[in-house]
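Take a look at the sequence and the model, then read on.

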Amino acid sequence: MIKEDMCDVINKMFFEHCTTPKQNHGIIICLPKKQKNISPKDYRPITLLNSDYKCVARILVRRLQPLLEKHLTGTLYCGVPGSSIIDAVATIRDAIAYAELKRRPMSVLSLDFSNAFDKIAHEYLFQALRQYALPESFITSIAKMYENVTSAVEINVRLYGPIPIRCAIRQGCPLSMALYTLSKHPLLKILEHKLTGIQIGKRTHPVKVVAYADDVTIFISSITELAAVDDALRL
């Protein structure tokens with residue numbers, strides 16, 4: 001009954017870049033990470049979004065999939081078609097086992113970025129997207145979904161806000177993981193360029209970095225590569 005009206009709304013959001021404040025508004029709920037919750041850090045904030053907003057976000061992420069598959073395969077295992085966390089774990093396990101078997105010197109550095117989604121600057125995000133030669137109209141469609149964004153926080157069945165969201169990508173949005181992986185990709189490319197990595201069996205390329213969401217595992221072959229990792233992180 002509403003498919004034609006819904007199609008008109010989505011086309012207006014996608015082609016004319018028109019979104020209303022209500023469409024860009026979200027409600028943040030806090031899900032407990034463990035049984036005993038003592039501080040705010042023990043909760044994971046998830047943003048509930050409008051259905052029409054999520055429809056447009058899902059369309060955008062589907063159109064980004066070929067780009068993700070082209071640039072991120074082999075290093076990033078989250079949000080990339082055909083990859084999963086099992087592949088990431090298997091690659092790390094294989095690298096460690098191969099180094100032990102061949103008695104190769106190697107250290108494994110594991111990084112976990114704190115509140116990673118909340119710290120993505122919008123200006124940096126859109127500059128990064130332009131480096132992938134995406135059409136400017138497509139980037140504008142994404143930018144409009146982050147323009148004048150607000151959220152209210154639900155605490156004890158009451159809403160507090162609205163709060164302007166000037167930074168971060170929102171957990172709960174279908175587009176967020178793709179945007180996060182694309183914004184993290186430059187760091188991984190720098191690490192791949194600076195590190196030697198470890199050649200496992202008949203693989204075509206040595207394994208240097210394995211990333212899944214905000215977790216990054218780096219394989220270091222010499223003490224001098226620690227300085228290269230530090231430089232890349234600071235940059």
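At what angle do helix H2 (residues 51–72) and helix H6 (residues 176–194) pack? The angle is about 30 degrees, and the two axes are 11 Å apart. Before we go further, a word on the ground rules: this is a predicted model, where local features need pLDDT of at least 70, side-chain atom pairs count only at pLDDT 80 or more, and totals for chains, interfaces and linings use all residues. Residues are numbered from 1 along each chain as its sequence is written, and side-chain values use heavy atoms, with hydrogens and water left out.

**The overall picture**

- The protein has seven helices and seven strands; these are DSSP runs numbered from the N terminus, with helices being H or I of at least four residues and strands being E of at least two.
- Starting at the N terminus, the elements go α-β-β-α-α-β-α-α-β-β-α-β-β-α.
- Of the 235 residues in the protein, 39% are buried (buried is under 20% relative accessible area, exposed is over 50%, and partly exposed is in between, using a 1.4 Å probe and protein chains only).
- Take the contacts (heavy atoms within 4.5 Å) between residues at least 6 apart in sequence: 66% of them join residues at least 24 apart.

**H2 and its helix partners**

- H2 is roughly parallel to H6, because angles under 35 degrees get that label, while over 145 is roughly antiparallel, 65 to 115 is roughly perpendicular and the rest is oblique.
- All these angles run from 0 to 180 degrees between N-to-C directions, and the axes are lines fitted to C-alpha atoms, for helices over the stretch in contact.
- H2 passes H6 in a left-handed crossing (the near helix is turned anticlockwise from the far one by less than a right angle; clockwise would be right-handed).
- On the H2 side, Val61, Leu64, Leu67, Leu68, His71 and Leu72 meet Ala178, Thr181, Leu182 and His185 of H6.
- That contact of H2 with H6 has seven nonpolar, three polar and no charged residues (Ala, Val, Leu, Ile, Met, Phe, Trp, Tyr, Cys and Pro count as nonpolar, Asp, Glu, Lys and Arg as charged, and the others, Gly among them, as polar).
- H2 also packs with helix H5 (residues 136–144), at about 140 degrees and with axes 11 Å apart, so H2 and H5 are oblique to each other.
- Leu60, Arg63 and Leu64 of H2 touch Phe138, Ser141 and Ile142 of H5.

**The three-stranded sheet**

- Three strands make an open, antiparallel sheet in the order S3-S7-S6 (two strands pair if DSSP finds at least two bridges between them).
- S3 (107–112) and S6 (209–212) are the edge strands with a single partner each, so one side of each has no neighbour in the sheet.
- S3 pairs with S7 (residues 215–220) over six bridges, and serine 107 has isoleucine 220 as its bridge partner in S7.
- Helix H3 (residues 85–102) packs on the sheet and touches S3, S6 and S7.

**The hairpin**

- S4 (residues 150–155) and S5 (residues 158–164) run antiparallel, joined by five bridges.
- Two residues sit between S4 and S5, and asparagine 156 in the turn has a positive phi of about 55 degrees.
- None of the seven residues of S5 is buried, so S5 lies largely in the open.
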